[in-house]
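Reader: Could you take me through the features of this model one by one, giving me the general idea and then the case at hand?

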Amino acid sequence: PQPAATVPEAMRLCRALGEAIGAESFSLLFLAAQGETRRLAPALDGEFPGVSLLSRMLSARGADGFARRIAEAAAPLWWRPDGEPPFLDTDARGWAEEIASPVPGTSGIAFPVALERGHSGAVAFVGDDMLLDEEALCETHARCFALFAEVARQRTQDGAGFPPVSKREIECLRLTADGLTSDEIAAALGLSVHTANQYLTNSTHKLNAVNRIHAVAKALRGGLID
């Protein structure tokens, strides 16, 4: 695909790529390390600037096993519900690895991608009507690399435009992303609830977000939190 100059254009290209293989939804994710574990962070999907259910499931704490598989893989990883026929033909299955479903009840495929400057991640597609032969599998993987490189470039530019966000503000955003309430964040960081809320308010203003959930989404996509 041609380079995407804007996020909407990148979304259009991702959606068109998914439609070409019969997918119903997509998620582009960045891979990050958190201590000894791996996590996937959503960067782009059909719900942007929100975060889709597919992205949430693939980036959840319980999906660290899937993130580890992405980190170790070079070939596409695909899955299907028990008893369902494969959506890859025989030749294509020779170039991909079947895994246990990270999103129960779905058929899906994830294309691992990596750039020379260190960014890595995956572009995932799910859908009940997907069908890929060997040529489509290889072509889709190549296009995922191009799209990932463009989104990584945009993400770096967007992150560079953020005003300074303090360590405490980032900690509060990260805990919010993990589903903690203000009371739980305050207890985890040894703060008062008022102070925790103030940190979240400050970061929301700095990221030009409408609320803390929007701030979390912008921080995830800008690389401030994983």
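Reader: How exposed is Glu 139, as judged by its relative accessibility?

Author: A residue is called buried under 20% relative accessible area, exposed over 50% and partly exposed in between, with a 1.4 Å probe and protein chains only. Because its relative accessibility is 38%, Glu 139 counts as partly exposed. The model is a predicted one, in which local features need pLDDT of at least 70 and side-chain atom pairs count only at pLDDT 80 or more, while totals for chains, interfaces and linings use all residues. Residues are numbered from 1 along each chain as its sequence is written, and side-chain values use heavy atoms, with hydrogens and water left out.

Reader: In which element does Glu 139 lie, and how far is Glu 139 from Leu 17 in sequence and in space?

Author: Helices (H or I, at least four residues) and strands (E, at least two) are DSSP runs, numbered from the N terminus. Glu 139 lies in helix α5, and although 122 residues separate Glu 139 from Leu 17 in the sequence, their C-alpha atoms are 10.0 Å apart in space.

Reader: Which side chain does Glu 139 meet in a salt bridge, and how many salt bridges are there by the rule?

Author: A salt bridge is a side-chain nitrogen of Lys or Arg within 4 Å of a carboxyl oxygen of Asp or Glu. By that rule the count comes to 6 salt bridges. In one of them Glu 139 meets Arg 143, with 2.9 Å from N to O; both residues lie in helix α5, 4 residues apart, about one turn of the helix. Arg 143, at 36% relative accessibility, counts as partly exposed.

Reader: Which parts of the chain are linked by the salt bridge of Glu 97 and Arg 69?

Author: The side chains of Glu 97 and Arg 69 meet at 2.4 Å, N to O, and this pair links distant parts of the chain, with Glu 97 in strand β4 (residues 97-98) and Arg 69 in helix α3 (residues 64-72), 28 residues apart. Glu 97 is partly exposed because its relative accessible area is 37%, and Arg 69, at 32%, is partly exposed as well.

Reader: How many aromatic pairs does the rule give?

Author: Rings of Phe, Tyr and Trp (its six-membered ring) pair if their centres lie within 6.5 Å; planes under 30 degrees apart count as stacked, over 60 as edge-to-face and the rest as tilted. The count comes to 4 aromatic pairs. Among them, Phe 30 and Phe 148 form a tilted pair, 4.8 Å centre to centre and with 40° between the planes. This pair links distant parts of the chain, since Phe 30 is in strand β1 (residues 25-34) and Phe 148 in helix α5 (residues 134-160), 118 residues apart; both Phe 30 and Phe 148 are buried. The rings of Trp 78 and Phe 87 have centres 5.4 Å apart and planes at 80°, so this pair is edge-to-face; Trp 78 and Phe 87 are both buried.

Reader: Where is Asn 208 placed, and what is its phi?

Author: Asn 208 lies in the loop between α8 (193-206) and α9 (212-222), and its phi is near 55°, a positive value in a residue other than glycine. With a relative accessible area of 62%, Asn 208 is exposed.
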